[in-house]
Amino acid sequence: MTLPRHPESTTVDLVVIGSGTGLAAALSAYEAGLSVVVVEKSQWVGGSTARSGGAFWIPANPVLTDEGSADTYQRGATYLESVVAGSAPAERWRSFLDHGSATVEMLRRLTPMKLFWARGYSDYHPELPGGSAAGRSCECRPLDLKLLGADRKKLRPAVLEAPVPMPVTGADYKWLNLMARKPGRAIPRIAKRVAQGIGGLLVGREYAAGGQAIAAGLFAGVRRAGIPVWTETSLERLVVEQGRVVGAELRHNGKTVVVRAERGVVLATGGFDHNLPQRHAHQHPELEGWSLGADTNTGDGIRAAEEVGAGTDLMDQAWWFPAVAPLGDAAPDVLLAERSLPGSLMVDETGKRFINESGDYMSFGQRVLELARDRGALPGMWLLFDQRYRNSYVFAGAHFPRAPLPKAWYEAGIAHRADNPADLARAMGVDAEALRATLGRFNELAAAGVDEDFQRGASAYDRYYGDPTVAPNPNLRPLDGTLYAVRIVLSDLGTCGGVRADGLGRALSTTGAPIPGLYAIGNAAANAFGNTYPGAGATIGQGLVYGYIVGRHAAGKLPDPAEPAAR
């Protein structure tokens, strides 16, 4: 069937609503012989995937095996059973494992992406049974965006742009932060990426990495397959006949059109990141609009599914991420390696430590919200560090070692600097004696190399972003001399609660029965890993895998279970 490039009344086998990991569902269905159309609310293709770090986490996948990983399906199952700990139905994560390798093989067949193992990027909870300090995260090698041809202009922009044209993978990021401490590892990587970026432009290529690469790779595969992507087209409602979802009512250029779907509709619309009333109702009433998810993620798919009887789950959860308090309407600058590097610690509005600063970012946000429930308000938070730290590491992704922090941060009260703890405490508005005691206790523990209070540095994940030149603990060093404080807020990479779905990606009703013709994947669905984040790229990983699953199931390539699962 030849499909129109723009919305008009038509019939296809599968309608995919959302162009992040929804593109994987489109590719899967296409390869299985179905006619597909992708619908995207914004002017951009790529969703939150294009704004992400771009890793995907899939245990025992062929990329790992080809590059020498000893990971196995059973170790992945042991780990997920441990880390999920009953917070999601076991069929969700087991199906993810069952189809992970097939998904990666599909990406290799149908997209131009060249994938690699980010060796050493530890799982987020490697100390649990089945966990891996070597990690299971994979990435796309820098990809030429010019492969998209005229559609290059439709790719959703990245969150951050490098100061010079250079594709930076997640594996590169670790060493770029250590450029002043480990120049022998960092400088060759920087030189390679600068040469690739600038050299590529000279020969008509535009290399990108991270989420830009994986979104562009999926988009290129969809273009190659001839699958139409309708941008600036929003979902108004699902069309139901005799209890089955048979299409979608869409809005485009002020007109309403209905696209019928013979095999089903896939909701890949992202979460409700930018729907503050919903976030206040489900998560916390003081949350600000500081999500880094795509700005069109307002819960459209979740709302439409609820209107046809779907249940929801995990609506209180998000891929939380601490960030520097933003200036005005600017996007927040997330903090990843900065929290793990030695010569730093975090305190709340009482001047006391409250967390292992180096822990994974989702657990960080959950701890902050736990404190908020206990105290009745979100805690104030500060990252403290000294001059040696400032001289040694990149800060907030853009401020190089020894460079001053932005003057605007000081003027806005986001940053403070002082020669002693008492003056810093006064500038921060915290109790001076409490801060002095906190620093004294922290310095004592840091000197010994063992954090008896919060176990910072005990996990291989903590140490991944530490400074390998600091011993005995790469995450700990006493602070001295000039001190800095930077205000921290709770941001996120998107919500991860949504439509309840089963192991085939089928949306489930409030009674737990599958809704015929309706699927939900990615952040439109309740997290397959419950209230946890197993490793870097688990959100993209499950979106890709469930995209593969729903495409094959819609085509009749995956059998229904004898008994529908219910929770």
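Student: At what angle do helix α13 (residues 421-428) and helix α14 (residues 432-448) pack?

Tutor: This is a predicted model, in which local features need pLDDT of at least 70 and side-chain atom pairs count only at pLDDT 80 or more, while totals for chains, interfaces and linings use all residues. Residues are numbered from 1 along each chain as its sequence is written, and side-chain values use heavy atoms, with hydrogens and water left out. Helices (H or I, at least four residues) and strands (E, at least two) are DSSP runs numbered from the N terminus; axes are lines fitted to C-alpha atoms, for helices over the stretch in contact, and angles run from 0 to 180 degrees between N-to-C directions. The axes of α13 and α14 are 9 Å apart, and the packing angle is about 125°.

Student: How are α13 and α14 oriented to each other?

Tutor: Angles under 35 degrees count as roughly parallel, over 145 as roughly antiparallel, 65 to 115 as roughly perpendicular and the rest as oblique. The angle for α13 and α14 is about 125°. The two helices are therefore oblique.

Student: How are helix α3 (residues 73-84) and helix α4 (residues 90-110) oriented to each other?

Tutor: Their axes come within 10 Å and cross at roughly 155°. The helices α3 and α4 are therefore roughly antiparallel.

Student: Which residue is joined to Pro472 by a cis peptide bond?

Tutor: Pro472 lies in the loop between α15 (460-464) and β18. The cis bond has an omega of about 5°, and the partner of Pro472 is Ala471.

Student: Which strands stand at the edges of the open sheet of three strands?

Tutor: Two strands pair if DSSP finds at least two bridges between them. The sheet has the order β3-β5-β4, with antiparallel pairing. Each edge strand has a single partner, so one side of each is left without a neighbour in the sheet; these strands are β3 (56-57) and β4 (115-117).

Student: Which residue in β5 stands opposite Trp57?

Tutor: Strands β3 and β5 (residues 137-140) pair in the antiparallel sense over two bridges. Opposite Trp57 stands Ser137.
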